[in-house]
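I opened this entry to record what I looked up in one structure.

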Amino acid sequence: MTPILGLHNIDVTEFLAVLDTCEGNVYLVTSEGDRLNLKSKLSQLVGLTKLIEGGRITEASIICENVKDESKLFRFNTFGDVGSAKVG
């Protein structure tokens, strides 16, 4: 799979809320080529702490197994749309 979505300067709390609404696996791909399944809370902690700078994700690539999740994360990344996610 090829990374389909580059995340830049997003709100971590909102991003995690949107991830919770995803149906399939969502992978964070690091610049070193590591793939972390973001449906796992442990992977979220490990992966995101490396990328967080000042409470915001500076840069990451995302791979989704589910097309609906891909669309959901694209809307979030582009428009800040959290959809039905419960933030906060």
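My notes on these topics follow.

I worked on a predicted model, in which local features need pLDDT of at least 70, side-chain atom pairs count only at pLDDT 80 or more, and totals for chains, interfaces and linings use all residues. Residues are numbered from 1 along each chain as its sequence is written, and side-chain values use heavy atoms, with hydrogens and water left out.

Sheet. I found four strands in an open, antiparallel sheet, ordered E1-E7-E3-E4. Strands are DSSP runs of E with at least two residues, helices runs of H or I with at least four, both numbered from the N terminus; two strands pair if DSSP finds at least two bridges between them. E1 and E4 (35-37) stand at the edges with a single partner strand each, so one side of each lacks a neighbour in the sheet. E3 and E7 pair over four bridges.

Core. The largest nonpolar core has 19 residues, and Phe15 and Leu28 are among those with the most contacts inside it. Such a core joins buried Ala, Val, Leu, Ile, Met, Phe, Trp, Tyr and Cys residues through side-chain atoms within 4.5 Å; buried means under 20% relative accessible area, exposed over 50%, partly exposed in between (1.4 Å probe, protein chains only).

Salt bridges. I searched the whole structure and found two, each a side-chain nitrogen of Lys or Arg within 4 Å of a carboxyl oxygen of Asp or Glu. Lysine 41 bridges to aspartate 20 at 2.8 Å between the closest N and O atoms. Arginine 75 bridges to aspartate 81 at 3.6 Å between the closest N and O atoms.
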